[in-house]
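Hi there,

Here is the structure I promised to pass on. Have a look at it first, and then read on for what turned up.

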Amino acid sequence: MNNLIASTAIKARQLTEEEIHEIEHEKTHYPYTQAVGLEALKIVQKYQGWVSDESLLAVSEYLDIAPDELEGVATFFNMIFRRPVGKNVILLCDSVACWMLGCDNLKQHISNTLGIDYGETTKDGLFTLIPVPCLGACDKAPVMMVGRETYTNLSTNKIDQIIAHIRDGSPVELDN
Ligand code: FES
C-alpha cells in the first residue's frame, strides 16, 4: 500500500454522481469488476484533474479492489497523475525515436520557456511537464501530447506556437 495511505488516517472521499454513473457504464464492458480499476481511475482523473489518496480509496471501496492493487495500476499506467497537475499536462515522449530526433533539446527548450523541470508545474498552474514512453507516432517524432491533442514533428518553433495558443486560449493552429 502507498506509504501515505498506510501511515495516515486518510478517508475515502465520496464519489460524485457523474463518476459513479461513468464507472457503472464501464462495468458493462468488463466481465470482472476488478478489471474496471484503471478506467475508474481515469474517470476520477477526468473530473478531479488528478487521483488523490482520498480518490484512490474511494475507487478501491466502490469496486472492492485492494488499495495497494489499485496503487499498482496507477503506478504502472503513467498517465494517472497521483499528484496535482497543471491545467495543461505536456506529455513529452522520451523514447528512442523521439530521443534520436532531439527530444532532449525540446525538453530543455520547454524547461527554459516555462521555468519548470520534469514533474513540475508552472506557478500560474497552467502547465505541467511529464516525460512519457512512446506515444505510438514514432514515424512523426518528436512527439508530445497536451490534453487529447497529439503534436508531431515537433520543433522549438512549433512548441512556442502551441504554448502561445494555449496561453491565450485560442485553438492551436500551427504554421507548419
Ligand atoms: S518514440 Fe516517441 S512516439 Fe514513439
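(Helices are DSSP runs of H or I of at least four residues, strands are E runs of at least two, and both are numbered from the N terminus.)

Before the rest, two notes on reading the model. This is a predicted model, in which local features need pLDDT of at least 70, side-chain atom pairs count only at pLDDT 80 or more, and totals for chains, interfaces and linings use all residues. Residues are numbered from 1 along each chain as its sequence is written.

Now the overall layout. The protein chain has eight helices and four strands, and from the N terminus on they run α-α-α-α-α-β-α-α-β-β-β-α. Domain 1 covers 3–76 and domain 2 covers 88–168, with bounds that come from an automatic or database domain assignment. The C-alpha centres of the two domains lie 28 Å apart. Along its principal axes, the C-alpha trace of the protein chain spans about 50 × 35 × 30 Å.

Back to helix 8, residues 156–168. I159, I162 and I163 are its buried residues. Seen down the helix axis, these fall within an arc of 95°, so they line one face of helix 8; the arc is that of the directions from the axis to the C-beta atoms. On the other side, N157, A164 and D168 are exposed. (Buried means 20 or more other C-beta atoms within 10 Å of the residue's own, exposed means 12 or fewer, and partly exposed is in between, with C-beta atoms placed from the backbone.) The cover over the buried residues includes helix 7 (103–114), strand 3 (144–146) and strand 4 (149–151).

Four strands form an open, mixed sheet in the order 2-1-3-4, where strands pair if DSSP finds at least two bridges between them. Strand 2 (127–132) and strand 4 are the edge strands, each pairing on one side only. Strand 1 (residues 88–93) and strand 3 run antiparallel, joined by three bridges; L92 has M144 in strand 3 as its bridge partner.

Happy browsing!

Notes. Two residues are in contact if their C-beta atoms, placed from the backbone, lie within 7 Å.
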